[in-house]
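Notebook open, structure loaded. I'm jotting down what I look up as I go.

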Amino acid sequence: MAAPLALLLIVAVTIRAALFRTSLANLISERVEVVSPLNAWKRVVEGLALLDLDISPYSGDVFHETPMVIYLFHFLMDYAEITFMLADCLTAVALYLAVKDYNKQVFRKQKFALEADRIPMDCLELIRSPTEMYYIPLKVAMFYLLNPFTIVSCVAKCTCGLNNAVIALFILSTMRGSALLSAIFLALATYQSIYPLTLCVPALLYLLQRLYIPVNVRRSSFWFYTLQYLFMFLGSLLVLICLSFFLLGSWDFLPAVYGFILSVPDLTPNIGLFWYFFAEMFDHFRLFFLCVFQINVFFYTLPLSIKLKEHPVFLIFMQIALIAIFKSYPTVGDLSLYMAFLPVWNHLYRFLRNIFLVSCVLLACSALFPVLWHLWIYAGSANSNFYYAITLLFSVAQVPVCLSPSLLSSRESSSKTALFTHSLLF
Amino acid sequence: MGLLSDPNRRRALIGMLTRLNAPICMICYMAGVAWFMGLAFEPFTLRTYMSENAMGSTMVEERFPAGERALATGREFAAHKKKTGGMPVDWLVRTMQARGLEVYTQRFSRKLPFPDEDKERYMVKGTNVYGILRAPRAPRTEALVLSAPCSPGNENNQAVGILLGLAQYFRSQIYWAKDIIFLVNEHDLIGMQAWLEGYHHTNTTGMDWSPLQGRGGSIQAALSLELSSDVVTSLDLVLEGLNGQLPNLDLANLFYAFCQKIGVLCTTQGKLPRNDWDTTSGYSHAVQTMMLMVLKQASSRPWGDHGLFLRYHIEAASIKGVNSFRPYKTDATTVGRLLEGMYRKLNNLLERLHQSYFFYLMPSLTRFVSIGYYMPAFGLLALILLLRALDLWVQLSSPPTRTTEDGVEVVPASPGVLSILTPLVISHLTGVALYTLPVLSQELAVEHFPVSETEAVVLTAIAIYTAGLALPHNTHRLLAGEGTEQGWKVLKLVAVLYLAVLLGCTALINFSLGFILALTLVPLAAFITPHVPKTLSAVVMVILSPGLTLLFAVFFFQELQETPVTLQEGWMLYLSVISQGILDHALYGSLLYPLAALLVYPCWLLFWNILFWK
């Protein structure tokens with residue numbers, strides 16, 4: 001299995017290296033769909049220049065990366081392209097290993113269910129054969145590495161590739177059951193962009209499930225483990241933030257990074273939902289709607305965790321997708337991470353309604369973004385409403401992709417199938 | 001969403017869509033064409049109206065008196081032009097300076113990728129002369145441009161004369177709040193391109209030009225004047241710019257309003273507005289006007305010197321003087337007054353023209369069709385592609401299980417990625433060859449065949465285009481035994497979606513081009529399968545291919561302009577149109593040639609591939 005993966009990595013690196021050499025790289029790195037004010041490479045370079053001049057990189061309103069990233073590139077400036085390609089490969093390998101582990105568990109569960117004869121006849125078709133499952137990890141890696149979104153994001157040297165790598169490592173360490181590593185990577189991801197905070201709950205659920213600790217508020221073992229995990233998480237987060245303080249010698253980065261993410265002062269158009277809305281907003285409503293919009297990312301964690309208590313891995317997928325849709329400065333790189341997970345649930349896609357429609361819409365939107373941008377900014381004949389309409393459609397089309405599998409249970413199929421699907425296959 | 005989420009109704013809907021797919025597609029196609037033809041019908045169109053407040057309510061008086069003197073200047077210009085055998089730079093500089101302008105010149109040179117036989121030029125060297133009238137009443141942050149070309153021969157001398165006359169007259173007025181730049185450009189669009197690139201400090205086409213020494217503010221609007229006779233019978237407004245871009249409709253409204261006020265006959269596409277919309281001839285007149293606009297827009301080339309301004313977000317139009325056999329003539333003074341009035345109003349603008357429409361078609365100068373009205377015509381055609389794609393998707397997701405003799409059900413294997421990828425890659429490589437080879441291999445062709453460079457380029461393009469048709473057989477050898485029933489369906493699904501996205505994007509940027517392509521490619525995409533009669537379908541496909549569409553468009557255009565051509569002339573015209581298309585791309589960055597070669601043609605080849613699927 002290692003050979004196809006190696007081949008895939010070689011192909012992926014070749015494509016990226018070739019694209020880095022063309023003039024396309026410059027063009028892509030200017031696209032608002034690919035880079036946001038938060039993670040544009042141009043801004044990293046600017047921050048580095050300021051740092052070299054002994055000026056705080058956060059002075060002025062250009063640089064919004066975390067101090068860790070700037071110090072990382074302080075040393076790796078000359079190897080930036082390699083770093084980004086490595087980050088992508090690392091993500092792919094981590095996802096590959098994580099999904100492999102996960103599949104083993106699913107397969108074991110499926111076997112037990114088969115032996116116990118708990119599977120209703122009409123659900124037999126949902127059972128996955130070992131050959132099918134054998135290729136899923138590879139497909140996941142392929143979906144990540146060969147996804148055009150990942151490729152353009154890497155070619156634009158958008159730092160969300162690094163964030164994806166951290167999240168992928170977090171998923172891998174969670175799958176392997178290493179609570180400490182999981183907490184550390186989660187802290188790193190949170191440190192990078194706040195939103196992965198919500199992944200704390202599924203990780204915890206997964207680790208509890210793995211240790212056969214029931215989720216029960218009256219059990220002390222549950223509380224003990226939860227507190228232990230949270231302590232590790234918050235502890236490493238604190239260490240990271242203090243480390244940044246010592247590196248930089250000031251707290252400038254807190255408002256410049258986290259304040260910037262949460263209060264959304266930069267309304268450059270992107271594929272998200274914030275910019276248009278807040279460009280139109282009267283100032284005295286701003287705070288209120290800011291809370292409303294930001295709460296979207298965090299709000300769904302609770303109901304989803306209750307509903308998907310038994311399926312934490314699926315919950316992780318859902319959370320990553322929700323973050324990609326609702327975060328304040330989304331880029332296509334964020335989308336590619338959750339899209340990589342789609343093959344894991346490919347046996348469920350026959351239940352997906354409108355999958356054809358949705359994929360057509362996503363395809364058309366991806367093509368229309370640059371066209372409408374051209375009409376708006378260069379030709380001056382269209383306006384921002386055209387572009388926002390596509391943004392909106394794009395976001396709406398993403399919702400069924402990630403939400404439909406979870407809605408399968410309640411309606412449509414017979415309750416038995418549904419129950420079965422639910423209990424077995426996530 | 002209720003309809004789509006209830007499984008039973010959803011199944012019923014999909015069942016209906018697949019069962020009635022062919023009739024629905026037919027109806028959609030006919031409805032699309034009918035809708036488009038209906039656009040020229042007057043009750044369905046809107047009357048033009050001025051949206052811009054700054055230009056609407058303000059009154060201006062036109063007092064330009066010096067038409068005769070302007071014509072005299074024009075004759076003087078012609079004499080000097082003849083003497084120097086090109087742009088009389090020194091004379092122009094002196095004359096403009098004498099009229100109190102800040103005068104600058106810009107030199108430029110450009111080597112064309114291959115000789116332009118229409119305009120007989122290859123190594124182009126020239127000079128632009130422009131004079132800036134500084135705004136006395138406001139900071140110099142905004143500017144207007146009036147340009148006239150310095151054409152070879154006896155053309156456009158009067159235009160330069162009026163330009164200089166207006167410069168002298170405007171100098172004495174005190175109400176200018178924007179700089180006014182008077183530009184005389186040599187080598188029409190090439191000079192204009194050099195000047196605009198110099199003004200905006202960009203270099204998109206790799207032309208050599210000397211940097212501009214003087215600038216005004218940001219240019220708000222521009223008019224280009226073309227006038228070759230002392231008196232005119234009517235003035236023609238040309239709007240179509242590079243890549244089918246149009247200026248804001250208010251510019252056309254402004255022109256029309258002043259023509260009405262001053263009493264000048266005005267036309268667009270050389271057709272007068274008519275009032276008898278309820279008669280057949282009136283309707284066909286409107287259709288002709290609109291079709292001319294559609295064809296011109298679809299050609300993606302600038303139809304006047306204004307065409308390049310639009311790329312820089314500057315609203316611009318060309319005004320052409322027409323001298324025909326009508327008895328009623330308009331003299332140069334009136335033309336000057338018209339321009340004066342238009343500039344006075346443009347001078348009043350507080351912001352860029354943006355109130356009115358940017359996407360429109362004009363069945364006459366007084367009527368327009370906005371994007372909301374014409375897009376459904378395209379939408380109906382695009383819907384066919386989506387319906388076909390849905391049909392294919394349904395067929396693919398429920399594969400027909402075939403029963404063999406033993407009674408064992410065999411589900412056909414899903415096609416390999418390779419069998420889809422190979423045609424895609426091959427047809428795109430052909431497209432890349434069509435895009436790059438003609439210009440690259442001209443020298444080689446000239447050495448071996450008795451043709452000129454221009455002919456070599458055009459004939460190579462046609463040869464590669466035709467050679468592409470031989471490809472499916474070659475593809476098949478590569479893929480021996482892989483052509484399954486599922487295979488072509490997947491390929492067709494990919495091709496249909498590809499075409500839908502491609503046409504959709506094209507129609508947004510350039511509606512006319514998208515619509516014409518949809519008109520020919522959509523029926524082909526809808527009916528092609530490997531099971532239709534091969535020879536007949538192959539003939540139909542070739543007839544509907546993008547290359548022949550262009551040929552028909554050339555004949556149709558000539559027919560509409562009431563200058564019909566014979567087959568021989570038409571063919572020569574077709575060849576020159578192809579060379580012009582390639583030149584437009586190289587010189588000004590027109591997107592039609594790369595679009596056709598790199599995307600539309602490969603897409604068409606995919607369907608050709610499906611037809612010959614084994």
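**End of a helix in chain B**

I started where α21(B) stops: B:Gly589 follows the helix, and its phi is positive, near 80°. I'm keeping in mind that this is a predicted model.

Next I looked at the helix itself. Helix α21 of chain B covers residues 567–588, 22 residues in all. From first C-alpha to last I get 30 Å, close to the 32 Å expected at 1.5 Å a residue.

Which residues of α21(B) are buried? My list runs B:Gly570, B:Tyr574, B:Leu575, B:Ser576, B:Ile578, B:Ser579, B:Gln580, B:Ile582, B:Leu583, B:Asp584, B:Leu587 and B:Tyr588. An α-helix has 3.6 residues a turn, so residues three or four places apart point the same way.

Leaving out residues up to four places away in sequence, B:Arg121 touches B:Tyr588, along with B:Leu112, B:Pro115, B:Asp116, B:His187, B:Asp188 and B:Ile190. B:Arg121 counts as buried, because its relative accessibility is 10% and the cut-off is under 20%.

Most residues other than glycine have a negative phi, so I went looking for exceptions.

- B:Glu562 has phi near 60°. I find B:Glu562 in the loop between α20 (546–560) and α21 of chain B, and B:Glu562 is exposed at 57% relative accessible area.
- A:Val264 has a positive phi of about 45°. A:Val264 lies in the loop between α12 (253–263) and α13 (274–280) of chain A, and A:Val264 is buried at 1% relative accessibility.

**Salt bridges**

I searched the whole structure and got 20 salt bridges over all chains. I noted a few.

A:Glu81 and A:Arg21 meet through their side chains at 3.5 Å, N to O. A:Glu81 is in helix α5 (residues 80–115) of chain A and A:Arg21 in helix α1 (residues 2–21) of chain A, so this pair ties together parts 60 residues apart in sequence. A:Glu81 is partly exposed at 23%, while A:Arg21 is exposed at 62%.

A:Lys42 bridges to A:Glu30, with the closest N and O atoms 3.6 Å apart. A:Lys42 belongs to helix α3 (residues 41–52) of chain A and A:Glu30 to the loop between α2 (24–29) and α3, so the parts joined are 12 residues apart in sequence. A:Lys42 is exposed, with a relative accessible area of 57%.

A:Asp266 pairs with A:Arg43 at 3.8 Å, N to O. This one links distant parts of the chain, 223 residues apart: A:Asp266 is in the loop between α12 and α13 of chain A, A:Arg43 in helix α3 of chain A. A:Asp266 is buried at 16%, and A:Arg43 is partly exposed at 22%.

**Where the chains meet**

How many salt bridges are there between chain B and chain A? I count 0. I do get 1 residue pair in polar contact between the two chains. The chains bury about 1,800 Å² between them, 75% of it on carbon and sulfur atoms.

On the chain B side, α1 (2–5), α2 (7–19), α12 (371–397) and α17 (485–509) each supply at least two residues. The largest share, 6 residues, comes from α17(B). By class, I log 14 nonpolar, 3 polar and 2 charged residues on the side of chain B that touches chain A. In terms of contacts, 19 residues of chain B meet 21 residues of chain A.

Note on methods
Residues are numbered from 1 along each chain as its sequence is written. Chains are lettered from A and ligands numbered from 1 in the order in which they are written. This is a predicted model: local features need pLDDT of at least 70, side-chain atom pairs count only at pLDDT 80 or more; totals for chains, interfaces and linings use all residues. Side-chain values use heavy atoms; hydrogens and water are left out. Contact means heavy atoms within 4.5 Å. Buried area is the accessible area (1.4 Å probe) that two parts lose on being put together, summed over both. A salt bridge is a side-chain nitrogen of Lys or Arg within 4 Å of a carboxyl oxygen of Asp or Glu. A polar contact is a pair of N or O atoms within 3.5 Å; within protein, one must be able to donate a hydrogen and the other to accept it, and residues adjacent in sequence count only if both atoms are side-chain atoms. Helices (H or I, at least four residues) and strands (E, at least two) are DSSP runs, numbered from the N terminus. Ala, Val, Leu, Ile, Met, Phe, Trp, Tyr, Cys and Pro count as nonpolar, Asp, Glu, Lys and Arg as charged, and the others, Gly among them, as polar. The expected span of a helix is 1.5 Å times one less than its number of residues. Buried means under 20% relative accessible area, exposed over 50%, partly exposed in between (1.4 Å probe, protein chains only).
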